Amino acid sequence: GVGAIGELTAWRYGYPAVLPHEATLATGNPNIHTSRDTLSVSGNNANHAAKFAKLAIAYTVEMAQVPGI
C-alpha cells in the first residue's frame with residue numbers, strides 16, 4: 001500500500017524526498033516492482049531507466065548542497 005512507500009517515511013521525519021513516475025497510474029507499467037520487472041519487458045533497452053538514474057544522481061547532488069540534510 002501507499003504507507004509502504006519510502007518517500008512517505010522520509011517526509012514524515014522531515015527529510016526532502018521525491019516520487020517520480022514514468023507514467024500516469026492508468027498507463028503505467030504493471031510489471032514494476034514485481035518479478036516480471038525485467039529489461040526484456042522494455043525491449044532490452046535501458047534508455048528510460050537511464051533517465052531515472054540521471055534524475056537520481058541530480059537529486060542527490062542537489063540535496064548534498066542543502067545544509068542540515
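Student: In which loop does His33 lie?
Tutor: The model is predicted. Two helices and 0 strands make up the count for the protein chain. His33 lies in the loop between α1 and α2.

Student: Is His33 buried or exposed?
Tutor: A residue counts as exposed when its relative accessible area is over 50%. For His33 the relative accessible area is 76%, so His33 is exposed.

Student: What is the phi of His33 near?
Tutor: Most residues other than glycine have a negative phi. His33 is a residue other than glycine, yet its phi is positive. The value is near 60°.

Student: Which phi does Asn44 have?
Tutor: Asn44 also sits in the loop between α1 and α2. Asn44 is not a glycine, but its phi is positive. The phi is about 55°.

Student: Is Asn44 buried or exposed?
Tutor: The cut-off for exposed is over 50% relative accessible area. Asn44 has 59%, so Asn44 is exposed.

Student: Is Asn31 buried or exposed?
Tutor: Asn31 is found in the loop between α1 (6-12) and α2 (47-64). Buried means under 20% relative accessible area. The relative accessibility of Asn31 is 14%, so Asn31 counts as buried.

Student: Which residues is Asn31 in contact with, leaving aside neighbours within four places in sequence?
Tutor: Asn31 counts as buried. With its neighbours within four places in sequence left out, the contacts of Asn31 are Arg36, Asp37 and Val41.

Student: What percentage of the residues of the protein chain count as buried?
Tutor: The protein chain exposes about 5600 Å², with 62% of it supplied by carbon and sulfur atoms. Of its 69 residues, the share that count as buried is 4%.

Notes. Residues numbered from 1 in each chain as written. Predicted model: local features only at pLDDT ≥ 70, side-chain atom pairs only at ≥ 80, totals over all residues. Heavy atoms only, no water. Helix = DSSP H or I, 4+ residues; strand = E, 2+ residues; numbered from the N terminus. Buried < 20%, exposed > 50% of the residue type's maximum accessible area, 1.4 Å probe, protein only. Areas by Shrake-Rupley, 256 points an atom, 1.4 Å probe, with all protein chains shown as cover. Contact = heavy atoms within 4.5 Å.
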